[in-house]
Amino acid sequence: MAGNRIERIKEEVRRELSDVIRTLKDPRLAPLVSVVAVDVTKDLKFAKAYISVMGTDEEKKNSVDALNNAKGFVRREISIRLDLRNTPEFKFVLDNSVEYGIHINEIIHKINKNESEE
């Protein structure tokens, strides 16, 4: 029962976090930033947000730095939007799984194209 509650909280935090990030006006933040997943501890004290950024390596680093600098604002906004006993303290981590998936898809496409030509 408690595991189901944590999963619902993770999803709500992810949804609201995506919305809060879209409202940030930091120039270091890349235009295409998305929240892939959020891990929340059982006591709701800490949350690790996995962020996907489309852009160069410098834009990715700057975006994660900007989010880590704004984590106090983000925490306050999440506490306003969600009625939780404890609002988690966020740590933003770069997640390259989306880019890796695109890369694997391109490789598969090339293999299929080569097989169809032979």
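Strands here are DSSP runs of E with at least two residues, numbered from the N terminus. This is a predicted model, where local features need pLDDT of at least 70 and side-chain atom pairs count only at pLDDT 80 or more, while totals for chains, interfaces and linings use all residues. Residues are numbered from 1 along each chain as its sequence is written, and side-chain values use heavy atoms, with hydrogens and water left out.

**View A. Here's the sheet: three strands, open, in the order 1-2-3.** The pairing is mixed; two strands count as paired if DSSP finds at least two bridges between them. Strand 1 (33-40) and strand 3 (89-94) sit at the edges with a single partner strand each, so one side of each has no neighbour in the sheet. On average, neighbouring strands are turned by 25° against each other, direction ignored, going by axes fitted to C-alpha atoms.

**View B. Zooming in on strands 1 and 2, which run antiparallel.** Seven bridges join strand 1 to strand 2 (residues 46-53). One to look for: Val35 has Ile51 as its bridge partner in strand 2.

**View C. Ser52, a strand 2 residue, is tucked away as buried.** Its relative accessible area is 5%, and buried means under 20% (1.4 Å probe, protein chains only). Leaving out residues up to four places away in sequence, Ser52 touches Leu32, Val33, Ser34, Val36, Asp95 and Val98, with contact meaning heavy atoms within 4.5 Å.

**View D. Phe90 and Phe92 make a stacked aromatic pair.** A search of the whole structure turns up one such aromatic pair. The ring centres are 6.0 Å apart, with 15° between the planes; rings pair if their centres lie within 6.5 Å, and planes under 30 degrees apart count as stacked. Both Phe90 and Phe92 are buried.

Notes:
Helices (H or I, at least four residues) and strands (E, at least two) are DSSP runs, numbered from the N terminus. Axes are lines fitted to C-alpha atoms, for helices over the stretch in contact, and angles run from 0 to 180 degrees between N-to-C directions. Buried means under 20% relative accessible area, exposed over 50%, partly exposed in between (1.4 Å probe, protein chains only). Rings of Phe, Tyr and Trp (its six-membered ring) pair if their centres lie within 6.5 Å; planes under 30 degrees apart count as stacked, over 60 as edge-to-face and the rest as tilted.
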